[in-house]
Amino acid sequence: AHLPHVLTSLQGSNLEASPPGALGAHPLGTPPQPPVAASAVEQFIRRPLNITHPTASTVAQSSVGLAQLAAAGSLKACAKLADRLLPAASPADALVIRWHKINALLRLRTYRVAADELAALGDLDAPIYSYEAHGALYPGQRGSMVPFSLYLLRAQMPHYLNDSTNALDALLALNAKCAAAAHAASARDEPPSVRAPNSFAHAPNCRAARIALANLYIARRDWQLAIAELESLAAGASGAAADGPAGAGSALDDALSLLGRMHLQVGNLAAAESAFGRLECAVVGAESSAGVHVNRGLLAMAQGEYSLAHDAFNAALLLEPSSAVAANNRAVCSLHLSRIGEAIGSLEDFLRADPVGHLEPTLVANLQAMYELHSDTVASARRTLEQLVALVGAEDFNLQLQAQARPGAP
């Protein structure tokens, strides 16, 4: 069995999409699987399994319904509802609906289909996508109707097609455009609070573009460029927090956490400790922050202090019981402390508490790997987990990690 994966959650983009990989062959992901009996799963979770998956017909017939389907992992239904809504949608609503559909296709790993859907929109800067071009529908409104998330998605799309060079060029250009827009807005003395949500000058949009760039550097294994980008992001967030706009403190917390975890990933423990220390000095009420305790645990793990790390993850779970990062790494600590029965029990209890919300691929893969190391009923335990995934897992659940947890897997 493989050693358990340590889940650190370096991703920070607001785009809900799966990592790049092989292009999907089926237009809406994996073909439907036969129904799975719930009895073994109900024995595992120790109660009846009452799961009702939303469908394209049971949610609001709007972008709200699309968001509900995406959150529930019902991605094929999301794409289906998007197709149903598009013919009657207003121009601005149609762009939001398109984003939901493309994002669902990406999460289903049907990258070529998603790319074609995005390409069909043409030039996002074309006049047809301005409010002025539809004055009768949007009297008095000016500027672009295009959600910033579509611009971000367009820049990232080449990477999903295994072309990270063009994705890098596009993200650099997008970040330059955001920086120029933010500078121009500041020169006009335009407060951040009045900048339009679609604007390239809107602080959350600028931050999302920079995090996407850092994540691309990570995917390309350009570690130092990723660290430099995150360091710059943290410095900018620190300045914004000092100026006091809403949300700036949270942006600083996120940036320093990402920076510290990136340093951990490359083995620079002193730099990671420095970043986490800066975060603890900046955050109000550090002891009541689950993220702070998770960072302490990750640093302690990297230093080989597994008992200390275990306590930190426990503290994080008391504050945020749904933290898969804390639950997973607490179990890994138990394993390193030669308490494998405790490790298995803690992951099982975490899944039982919320079989839908707590079903995280790396956590499931770790539990399967631990079964291989300890359980006398490996086959049935693994089969029960697979049935749980089939019954309640999102349609983009990453089964590759489960396969890696099996003996002899590549």
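**Confidence**

I noted at the outset that this is a predicted model. I looked up the chain average and found a pLDDT of 83. Of the residues, 85% score at least 70.

**Helix pair H14 and H15**

I took H14 as residues 324–336 and H15 as residues 340–353. At what angle do H14 and H15 pack? I get about 165°, with the axes 7 Å apart. An angle over 145° counts as roughly antiparallel, so I logged H14 and H15 as roughly antiparallel to each other. I then checked the handedness: H14 passes H15 in a left-handed crossing.

I listed who makes the contact. From H14 come Ala324, Ala327, Asn328, Arg330, Ala331, Ser334 and Leu335. From H15 come Ile340, Glu342, Ala343, Ser346, Leu347 and Phe350. Sorted by class, the contact of H14 with H15 has eight nonpolar, three polar and two charged residues.

**Positive phi**

I stayed with this pair and went into the loop between H14 and H15, where Ser338 lies. Ser338 has a positive phi of about 65°, although it is not a glycine. Is Ser338 buried or exposed? I read a relative accessible area of 69% for Ser338, so I marked it as exposed.

I then turned to Arg221. Arg221 is not a glycine either, yet it has a positive phi of about 60°. Where does Arg221 lie? I place Arg221 in the loop between helix H8 (203–219) and helix H9 (223–243). Arg221 has a relative accessible area of 60% and is therefore exposed.

**Ala369**

My last entry is on Ala369, which I found in helix H16, residues 361–374. The relative accessibility of Ala369 is 3%. The cut-off for buried is under 20%, so Ala369 counts as buried. I also looked up the spacing between Ala369 and Arg382, which are 13 residues apart along the chain. Their C-alpha atoms are separated by 9.2 Å.

Key:
Residues numbered from 1 in each chain as written. Predicted model: local features only at pLDDT ≥ 70, side-chain atom pairs only at ≥ 80, totals over all residues. Heavy atoms only, no water. Axes fitted to C-alpha atoms, helices over the stretch in contact; angles between N-to-C directions. Helix = DSSP H or I, 4+ residues; strand = E, 2+ residues; numbered from the N terminus. Parallel < 35°, antiparallel > 145°, perpendicular 65-115°, else oblique. Left-handed = near helix turned anticlockwise from the far one by under 90°. Contact = heavy atoms within 4.5 Å. Nonpolar A, V, L, I, M, F, W, Y, C, P; charged D, E, K, R; others polar. pLDDT = per-residue confidence, 0-100. Buried < 20%, exposed > 50% of the residue type's maximum accessible area, 1.4 Å probe, protein only.
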